[in-house]
Amino acid sequence: MKSVLQNIIAETKETEKNYALQRKQETESPSTRSDRRDFLKKTALGGLSISALMGLGMEDTMAETTSKVNKLSAPSDLKITDLRYCVTTVLGRTAIIRIDTNQGIYGLGEVRDGADPRYALMLKSRILGENPCNVERIFKIIKQFGGQGRQAGGVCGVEMALWDLCGKAYNVPAWQLLGGRYRDKVRLYADTPEGKNPEEQKERILYRTKTQGYTWLKMDVSIRDIIDIPGCIVNPEIMKQGSNAYQGGYMSYSNTKHPFTGIQITEKGIEEMAKRVDAIRNMVGYEIPISTDHYGHIDMNNCIRLGKALDKYRLAWLEDMVPWQYWQQHKTITEALETPTTTGEDIYLLENFKDIIHNHAVDIIHPDLASSGGLLETKRIGDYAEEFGIAMAMHQAGTPVSFMANVHCAAATQNFLSLEHHSVDLAWWEDLVKTTWGGKMIEKGYANVPLTAPGLGIELNDEVVKQHLHKSDSTYFAPTTEWDERRSWDRTWS
């Protein structure tokens with residue numbers, strides 16, 4: 001028996017020797033990528049051999065093999081103790097939330113731009129005392145309190161913060177918790193810059209593509225651009241009844257769904273809109289994808305007429321031509337056009353994407369992670385669409401907190417195309433946070449995926465955030481004890 005054991009030990013030593021030599025050669029090779037080299041160094045056995053453990057008991061072996069593991073917390077004993085918030089001026093008004101625990105680690109999330117932080121605060125009493133690492137369990141508890149569009153902001157913000165916490169607890173990036181990554185960099189799309197004249201606009205576009213490095217752009221093709229040109233729009237009067245959702249009442253243009261405005265575009269109007277696309281395409285060139293959005297509240301027939309006029313410009317997609325709820329109309333538009341179509345930024349949960357996906361009503365789904373259900377639900381949406389041959393782009397308009405949540409989800413989803421970056425020209429936007437891996441968040445039109453940093457890979461830069469708090473609420477993660485008590489019976493079945 002002793003000779004057999006000695007043979008096993010000898011064979012093991014030889015295997016370890018060969019393996020160590022192989023790793024050393026790969027580490028020292030100039031052709032080895034830097035991230036792979038770092039991985040090899042960090043995962044080295046460090047002198048601990050299998051044969052050296054042969055004489056140890058199970059408890060001693062576990063103690064030895066885990067002696068160098070960075071135990072940031074005891075995940076099984078984590079409990080949520082608080083939820084607080086602050087409101088930034090990003091995109092007018094965007095709230096960041098923080099979920100605290102009994103072990104001192106916390107997670108960051110974001111309530112979608114334009115949404116009330118109370119969507120998140122009302123969830124506090126439902127999650128206090130829960131283990132934040134039970135992300136799916138907590139999501140199932142709170143998801144009934146989310147809704148379409150901004151109404152999902154609270155649920156999604158909490159879900160983001162839970163993944164940040166869970167990653168910190170286990171000392172792994174959020175993408176790893178979603179099943180691993182498909183890419184180290186996430187492609188971004190940015191707004192097409194405007195200018196006082198065509199020459200200035202072309203100069204700014206070149207800066208966006210050549211200097212800033214963005215390889216995917218997006219532009220508005222709006223009936224508002226032609227409203228003052230006589231003979232372009234039938235029934236422009238309704239457009240004067242309030243320019244945003246808070247003006248003009250419920251039946252104003254901004255609150256009237258597309259099929260019910262009675263607006264039509266004349267042939268002259270379509271020609272004028274096509275001229276604007278033609279000018280941008282000529283400035284950008286055909287190598288760079290250009291997505292389009294914000295056509296106006298026009299019905300399905302006018303969408304098809306406009307879409308056919310734009311087909312020749314090989315646009316990346318036509319976005320939200322009609323409200324997402326009318327999937328049959330989306331399907332009719334999609335089948336009538338050569339240009340890809342997309343919708344989804346206001347849809348909450350996979351179940352509400354299914355009709356669109358099953359019926360191939362659009363060519364690309366376009367969820368906003370801060371409305372669709374958070375990281376895991378958005379990955380589920382992407383994976384589900386992939387089964388039907390549908391790609392996924394991601395809408396994003398928020399602070400770096402939501403941005404990085406999107407980056408992790410995009411890295412973990414195979415059929416991903418591009419992620420929106422809506423604050424490219426906001427000088428202080430990136431300074432709101434510090435990366436915990438020491439690298440840059442964005443480089444040359446791509447977001448860097450944190451390869452080793454736990455959670456979302458960012459921490460708030462407190463002083464910068466405080467400089468950009470919204471004047472209506474300048475508190476900074478103040479106590480929210482008034483939201484601690486639960487006062488309802490939430491079960492939706494008997």
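Start by selecting E194: at 62% relative accessibility, this residue counts as exposed (exposed means over 50% relative accessible area, buried under 20%, partly exposed in between, with a 1.4 Å probe and protein chains only). You'll find E194 in the loop between β4 (185-191) and α9 (198-211); helices here are DSSP runs of H or I with at least four residues, strands are E runs of at least two, and both are numbered from the N terminus. A quick word on what you're looking at: this is a predicted model, where local features need pLDDT of at least 70, side-chain atom pairs count only at pLDDT 80 or more, and totals for chains, interfaces and linings use all residues. Residues are numbered from 1 along each chain as its sequence is written, and side-chain values use heavy atoms, leaving out hydrogens and water.

Next stop, salt bridges. The rule is a side-chain nitrogen of Lys or Arg within 4 Å of a carboxyl oxygen of Asp or Glu, and the count comes to 32.

Select R112 and D346, whose side chains form one of these bridges at 3.6 Å, N to O. R112 sits in the loop between β3 (106-111) and α4 (118-121), while D346 is in the loop between β10 and α13 (354-358), 234 residues apart. R112 is buried at 1% relative accessibility, whereas D346 is partly exposed at 26%.

Move on to D490 and R126, where the closest N and O atoms of the salt bridge are 2.8 Å apart. D490 lies in the segment after α17 (462-467) and R126 in helix α5 (residues 124-127), so this pair ties together parts 364 residues apart in sequence. Both ends are buried: D490 at 10% and R126 at 11%.

For a local pair, pick R380 and E377, bridged at 2.6 Å, N to O. Both are in helix α15 (residues 375-387), three residues apart, about one turn of the helix. R380 is partly exposed at 39%, but E377 is buried at 7%. Then select R112, D113, R150, E345, D346 and D368, which salt bridges with shared partners join into one network.

Last, what does the side chain of T339 contact? The side chain of D311, in a polar contact at 2.5 Å (a pair of N or O atoms within 3.5 Å; within protein, one must be able to donate a hydrogen and the other to accept it, and residues adjacent in sequence count only if both atoms are side-chain atoms). T339 is in the loop between α12 (327-336) and β10 (341-343), and is buried at 1% relative accessible area.
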